[in-house]
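Open your viewer and get ready to click around. We'll go from one selection to the next and say what is there each time.

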Amino acid sequence: MSKQTETFNIPLAKRRTTSWDMFATWVGANANNGTWYIGGVMAACGFLTATKILVLSSAVAYVCLALIGYIGFQTGVSTMGIARASFGLRGSFLPSIINFTQFIGWTAVNTFIAATSVSYLLHDLLGWPLWGQTGGLKGMLLGIVVMSILHIISIASGSRSVQLIERLGIILVFIFVIWESIIVFQHVSLAQIINWQVPAKLKSTTGSAIDTVAAFNLAWVTAAADFSRFSRKKSAATTVSFAGALVGVLWFALIGLVSTISIAVSSGTYDPNNSDPSSIASRLGLGVLALLVIILTSMTANAVNLMAAGSALANIFSKLKLKYALWIVAGLATLVTFIPMILGSFLAAFTAFLDYIGMVLGPIISIIIVDYFFCAKQQYKIAELTNNQGKYWYIKGVNWAAVITWVLGAGGFFILQKAAFLQTTIGATYPDMLLSGLVYWLIMHLKQKEK
């Protein structure tokens, strides 16, 4: 085995991640500000409908996470490294660039929400104006700087520091969620939350809500193998990862959902723009400690985001060490955090970002899964993944079957999204993924017949 191959994949003997570490990683990844915000936005469906969508749409997405986690465990290769088998060595730059941009985006989302918490902290402790008020810009700027420093600390030692951050974070998050749940139900009853009616002009369709939750959850799927390749057991890479991610998303999204509805019930006004955890924590009177925990949860989630973005960058630039790739993505994420401030609306920027994820990620995930389980029959030649003239070189490094499928899938998403039936039922994301997987399998099957 070549030196390049040895550093490309992680042998089982060198893996150190336990089942508990994997569970904590995925709970911590979802127990964050973005998940809370998604729950608040989902309030536009009403409590019961939103809860059903959160459970079902999330479970489907995390089956995909478990499948790619299994591939990572079997091969010891990162998700974007695995993509070389289906897209080709050079073709894998396409999913790598998409993965790189989307995880930079998620880091920016969580950083912006956490910076808002820093702004509230400075307001409570020093009397500084809040973001949105005259003079509130300096609090946000300082918040972004603080979060950027914390991000660098969280990734300082690569996967090891991420592991330590998640172990600490899950304990504090658990305490915080219990505390907030008690506070919420001191203000309103469960019956009031269940019976609350969404204002007609703000009500979301079922299909649109499923697509929103799907886009949020699928964003983690392309990071699955980045962590499962370090796991000691197959169960940690699959069932434990599935359980951790599902527990994390339901845990925090439901808190965001209940908290947002409780504010709407008590105030008589529902505004999805005020679904961020800092605004809700302030309105519930949770104080400085709550804002500090919100900042920490951003740090735990972004440790995973930055690791995935760094892995994607390292796949594009094979000579770039992961440590330096992580520093680069941390710096870029800081710059992207300013976009909502330029646009003037965090909700508008967030919604556009989710549409982008739904369009580009679904087909990639389908192609990777179908290629490994159906086309390759779970048999990848690992050494060939780094061989410029080998099995996965295809045509000048690109498997055009995968690229064409991705283009059709991305375009098909927009067409399906406009279908009235899908808007009111199951959304466009999962049908688009099924069609993309089928198209890729058919093209590859025809290519095999030609040989």
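Select F414 to begin: is F414 buried, partly exposed or exposed? At 40% relative accessibility, F414 counts as partly exposed. Here buried means under 20% relative accessible area, exposed over 50%, and partly exposed in between, with a 1.4 Å probe and protein chains only.

Before the next click, some housekeeping. This is a predicted model, where local features need pLDDT of at least 70 and side-chain atom pairs count only at pLDDT 80 or more, while totals for chains, interfaces and linings use all residues. Residues are numbered from 1 along each chain as its sequence is written, and side-chain values use heavy atoms, with hydrogens and water left out.

**Stop 1: the whole chain**

The protein chain has 20 helices and 0 strands. Helices (H or I, at least four residues) and strands (E, at least two) are DSSP runs, numbered from the N terminus. The radius of gyration is 22 Å, close to the 22 Å that the globule rule gives for 451 residues, so the chain is as compact as a globular protein of that length. That radius is taken over C-alpha atoms, and the rule is 2.2 Å times the number of residues to the power 0.38.

Of the 451 residues in the protein chain, 59% are buried. Contacts (heavy atoms within 4.5 Å) are next. Among those with a separation of 6 or more, 84% join residues 24 or more positions apart.

Now show the surface. Its accessible area comes to about 18,200 Å², and 68% of that belongs to carbon and sulfur atoms. The area comes from the Shrake-Rupley method with a 1.4 Å probe. Colour by charge as well: the mean positions of the 28 positive and 14 negative charges are 10 Å apart. Lys and Arg count as positive and Asp and Glu as negative, leaving out His and the chain ends; each charge is placed at NZ of Lys, CZ of Arg, CG of Asp or CD of Glu.

**Stop 2: ring pairs**

A pair of aromatic rings is described by the distance of the centres and the angle of the planes. Rings of Phe, Tyr and Trp (its six-membered ring) pair if their centres lie within 6.5 Å; planes under 30 degrees apart count as stacked, over 60 as edge-to-face and the rest as tilted. The structure holds 16 aromatic pairs.

Pick Y324 and W327. Their ring centres are 5.5 Å apart and their planes are at 75°, so the pair is edge-to-face. Both sit in helix α15 (residues 322-336), 3 residues apart, or about one turn of the helix. Y324 is partly exposed at 37% relative accessibility, and W327 is partly exposed too, at 42%.

F413 is buried, at 2% relative accessibility, whereas F414 is partly exposed.

For a group of rings, select Y37, W106, F216, F350 and F353: they form one aromatic cluster.

**Stop 3: a loop with two positive phi values**

Most residues other than glycine have a negative phi, and most peptide bonds are trans. With that in mind, select the loop between α17 (346-375) and α18 (400-417), where you'll find Q378. Phi of Q378 is near 65°, a positive value in a residue other than glycine. Q378 is partly exposed, with a relative accessible area of 33%.

Stay in the loop between α17 and α18 and click Y394. Y394 has a positive phi of about 50°, although it is not a glycine. Its relative accessible area is 27%, so Y394 is partly exposed.

**Stop 4: I255 and its contacts**

Jump to helix α12 (residues 234-267) and find I255. I255 is buried, at 11% relative accessibility. Which residues is I255 in contact with, leaving aside its neighbours within four places in sequence? They are W36, V177, E180 and S181. Try the distance tool on I255 and V184: these are 71 residues apart along the chain, and their C-alpha atoms are separated by 9.1 Å.

**Stop 5: one last distance**

Finish at W179 in helix α8 (residues 159-187). W179 is partly exposed, at 28% relative accessibility. Draw a line from W179 to Q192, 13 residues apart along the chain: their C-alpha atoms are separated by 20 Å.
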